[in-house]
Amino acid sequence: MKLLKLAAAVLNTTPLDWNGNRDRILAAIEEARARGVGVLCLPEMCVCGYGCEDAFHSPGTSEMAWRILRDEILPKTRGMVVSLGLPLFFQNALFNTAALAVDGKVLGFVAKRYLAGDGIHYEPRWFKPWPTGIVSSVELDGQSYPLGDIHFDIGGIKIGFEICEDAWVAKRPGGALALDGVDVILNPSASHFAFGKIEVRKRFVLEGSRAFGVTYVYANLVGNEAGRAIYDGGAIIASAGRLVGQGPRFTFKDFDLTTAVVDISATRMAQARTSSFSPAIDTDRSDRIRSPHTIPPAQIETPVLRTSPWESGQHVKEEEFARAEALALFDYMRKSRSSGFIVSLSGGADSAAVSSLIRLMAEMAIAELGLPAFLARLSYIKAIQSAKSIDTIMSELLTTAYQATENSGPITRAAAKAVAGAVGARHMEFEVGGLVKEYIAIVSKGLGRELNWQADDIALQNIQARVRAPSVWMLANLKNALLVATSNRSEAAVGYATMDGDTSGGLSPIAGIDKAYLRQWLNWLETTGPEGLVPIPAIRAINAQAPTAELRPPDKHQTDEDDLMPYDLLDAIERAAIRDKKTPVEVFISMHSACANCPAGQLHLWVERFFRLWCRNQWKRERYAPSFHLDDENLDPKTWCRFPILSGGYERELGELREYVRQLGA
């Protein structure tokens, strides 16, 4: 047996937070050393932060990353093997690299071969892909280092790399590494969270370790690194197709270490027993970088899989949504140095969901970190430092305001008050009807006529939403808090939101989730709630209502679905039209098959309404506050779903739809 102790670290990095990133890296290295780890894999771009965006184009970014690695991190790696991610400038191009530090010195840089350029990733904007099979050298401070498609022989143990996207492609580097007799593949990643994505990661780690006959070490980022993308951590170690180490997801800690002891002899023999394995025989390998360093032997340990019970339960998506949002809110608040949140609490589903998520943020963080560490992480918020209970903390971190006009009803007022009490918010009630009347009077005088609901419906609705913004912005200014916008993805798709009204805010945390699912999640929160926490029964007051904007007079009995269409159908049309890129006729056909009881004429009106509203309201989506990425149905035009602000509006395609429906006889 040849036993080796390996570790994968997850880190909560921040772009360009040089000192903070360094400190987290050094803390992970020291804990790994204390636990007898011989080889440690840290995440992709951990020195500078993955999400530096166009700051990567500044020479100072790669230069600073190298200086910090050279002067402040390398000396702490003596006696160990540690991989560290950083950008490297070479031949007038920037490369995404992993430096392998061995016993306090850089042995070489592996450059990423496949760049993530779809979805929320824009790596080809900053980096160049390294060509397969090419080995070069880079000179830094007068010293030459191997660079490129290389692997390492550390005292007889061979180590190779797949850097994040390298493992997601069909022609993975791991295949060639296996033929070269590599024992361990390290995968430093920055793989963002999406619903269900962890299962894909597990498959490529397990299958890679089995097919390549190696031990596979997967490290990832955790937390809200740069504003929009959420990283869930979830380190994984597998050996010869068997899971031997797994770390928790959505941790609130600065870093977490997952370790495993593996038998290198066993994986070597697994390759030897595979009849299809045909090693690359070559004694003169320029791509194999050697070091005499001896990785210390390890003692047998029982594999530890630190997954939570909820990950195999019946409500995985509900749990993932709650935990991803909670962690993202916590990091956004502390990294922006905000002192809490302001929510315009309407008594409806969206603002109730946001307020509940902020409560879950505090509950989950305190449950994991403990109250003293939680307060220490928020040491800049002086008002909570002497707090002894979560309700005291919440009364400082969350302020809610119900803002009534003459069209607001007692049901939503009572619901808002109940939810605010349940989440521990400091709750206020503002009467803004007088302000609405003043604006209407000003404009009526300017126009020389009285405004009325028959002629001026949309304008009279919108002024009520817009007049609510200044007061909550003022609260945000006074409290140095984040004003949270409450629009969801379904509303964003069709522009069912008032700009500078309910879209007002510095952060829009639920703009990536559809209304139908949000209502489902609120039902779960009312009765079940996240594992280890209690549900919020007060949400019943929200779930019992039909969603309504309450912007028309009460006798109009306004509901969102009457204004638009049933939310579940709206979301299905959106997925077909925007995610799946179907034409109006194709959307109609797919909806008509799935909705047999829906009259063709009515369905036609809804499909056409969706496409018209989608095209008309791109400018609104461009102006939404930053939102969190949750899945491949995101509509954020800055990171996922680009669409022209001005377009032909699908006029020809909608004409074809009308003709198709006419021929149906509808």
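Reader: What makes helix α13 (residues 457-466) count as mostly covered?

Author: Seven of its 10 residues are buried. Buried means under 20% relative accessible area, exposed over 50%, and partly exposed in between, with a 1.4 Å probe and protein chains only. Helices here are DSSP runs of H or I with at least four residues, strands are E runs of at least two, and both are numbered from the N terminus. A word on the source: this is a predicted model, where local features need pLDDT of at least 70 and side-chain atom pairs count only at pLDDT 80 or more, while totals for chains, interfaces and linings use all residues. Residues are numbered from 1 along each chain as its sequence is written, and side-chain values use heavy atoms, leaving out hydrogens and water.

Reader: Which residues of α13 are buried, and what covers them?

Author: Asp457, Leu460, Gln461, Asn462, Ile463, Gln464 and Ala465 are buried. Their cover includes α12 and α14 (469-479).

Reader: Is Leu397 buried or exposed?

Author: Leu397 is buried, because its relative accessibility is 0%. This residue belongs to helix α10 (residues 390-397). Beyond neighbours within four places in sequence, Leu397 is in contact (heavy atoms within 4.5 Å) with several residues, among them Met333, Phe341, Phe374 and Ile381. The C-alpha atoms of Leu397 and Ile381 are 9.1 Å apart, with the residues 16 apart along the chain.

Reader: How do you know which strands β15 (residues 242-246) pairs with?

Author: Two strands pair if DSSP finds at least two bridges between them. Strand β14 (residues 236-239) has four bridges to β15, and the two run antiparallel. Strand β18 (residues 304-305) has two bridges to β15, and these run parallel. Both pairs therefore qualify. Gln246 is the bridge partner of Ile236, and Gln246 also stands opposite Leu305 in β18.

Reader: How many disulfides are there?

Author: Zero, in a search of the whole structure. Cys41 is in none: the nearest cysteine sulfur, that of Cys46, is 8.8 Å away. A disulfide needs a pair of cysteine sulfur atoms within 2.5 Å.
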